[in-house]
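Work through these exercises with the sequence and the 3D structure side by side. Try each task before you read its solution.

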Amino acid sequence: LPTHAGSSLEPEEHSMEPPAVPEEEMPLTATSGPAGCQLFGYVGIEAVLDQMKIKTMKTGFEFNIMVVGQSGLGKSTMVNTLFKSKVSRKASQPGQEERIPKTVQLQSITHVIEEKGVKMKLTVTDTPGFGDQINNENCWDPIIKYINEQYERYLREEILITRKRKIPDTRVHGCVYFVPPTGHWLRPLDLEFMRRLSKIVNVVPVIAKADTLTLEERAEFKQRIQEDLKTHAISVYPQEDFDQDPDDRALNDRIREKIPFAVVGADQEHQVNGKRVLGRKTKWGIIEVENPAHCEFPLLRDLLIRSHLQDLKDITHNVHYESYRVRRLNESNRP
């Protein structure tokens, strides 16, 4: 009986409440919608962006890049050109340049770069002599092993009971693959490498030393590479599957039309029209590295640093690392 009495009283209570509640709630629900709730004064929500900026500037952030290609394609010079500092394996003083080993012997060098108060811990992983051997069978194994080792190191830190507030991130966020400027098709070695590596890391192919090709040869070579990648279903960065909204898709479609970037690297300055510019001095003039009319290095720099750096890190964490993590945990849970 008490339950029936209570249930018989509930409709009467609910029937008495609605006149009082909607009078105060209706204005909020009426103004709420896709544009959000209408505010009657300044609250300060936008200050969250300033807080995030201040916190990021204090703690800094990490960015790990890998360069892969044959010896003599200008990998070290390109990295120095990207960050406008000596961050490659080359010695800082001329005449003391390290001897480049001919074996696939991965080397990582970490630098802290600061610009306008923003600190970036940059790690450059070089693969000297990739593809230089007579027998290049399975020459990509050390590179795959290194990338997976960084995922494993991060996973071990993440699954600890008492883990660090900020786990050191050594995962490779982007791999720049240097294609030799042959002017023909992609070699089977290039195709096999990008096919295997594109599944575990963000691969950005570039045509190295593009100043050795004429403009017509460069355009034809780029078109052939795009056809090869499409024929063999190789998904290089930025991947079409990960475009979040129409604006991202439109921007990335314009980038995909330009990939692979025809780049020229230089770490020496020259005087051009009263200005100091990075470039390569030839018998016919100076090739300006940062001039879009001369090469596509500015497009590569904008992709890696100015527009897609955070996206490279997000895809590494949410896609590549996540797939590795799922696979490893499934293996450990098997009887």
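What is the volume of the second largest pocket? Its volume is about 570 Å³.

Before going on, note the ground rules. This is a predicted model, in which local features need pLDDT of at least 70 and side-chain atom pairs count only at pLDDT 80 or more, while totals for chains, interfaces and linings use all residues. Residues are numbered from 1 along each chain as its sequence is written, and side-chain values use heavy atoms, with hydrogens and water left out.

**Exercise 1. Describe the lining of the second largest pocket.**

Step 1: A pocket is an open set of points on a 1 Å grid over the protein atoms alone, where a 1.4 Å probe fits, with protein on both sides within 12 Å along at least five of seven lines; lining residues have an atom within 4 Å of a point. Points are joined across faces, edges and corners, and the volume is the space filled by probe spheres set on them.

Step 2: find the residues. There are 14 in the lining, and Phe 83, Ile 113, Glu 115, Met 120 and Ile 305 lie nearest the centre.

Step 3: find the elements. Two or more residues each come from α4 (75-83), β2 (107-115), β3 (118-127), α9 (297-307) and α10. The largest share, 3 residues, is from α9. Helices (H or I, at least four residues) and strands (E, at least two) are DSSP runs, numbered from the N terminus.

Step 4: sort by class. The lining has 8 nonpolar, 1 polar and 5 charged residues. Here Ala, Val, Leu, Ile, Met, Phe, Trp, Tyr, Cys and Pro are nonpolar, Asp, Glu, Lys and Arg are charged, and the others, Gly among them, are polar.

**Exercise 2. Which residues form the tyrosine ring cluster, and how do their rings meet?**

Step 1: the whole structure holds 6 aromatic pairs. Rings of Phe, Tyr and Trp (its six-membered ring) pair if their centres lie within 6.5 Å; planes under 30 degrees apart are stacked, over 60 edge-to-face, the rest tilted.

Step 2: Tyr 151 and Tyr 321 are tilted, because their centres are 6.2 Å apart and their planes at 50°. Tyr 151 is in helix α5 and Tyr 321 in helix α10, 170 residues apart.

Step 3: Tyr 154 and Tyr 321 are edge-to-face, with centres 5.1 Å apart and planes at 80°.

Step 4: ring pairs link Tyr 151, Tyr 154, Tyr 321 and Tyr 324 into a cluster.

Step 5: check burial (buried means under 20% relative accessible area, exposed over 50%, partly exposed in between; 1.4 Å probe, protein chains only). Tyr 151 is buried at 1%, Tyr 321 at 0% and Tyr 154 at 12%.
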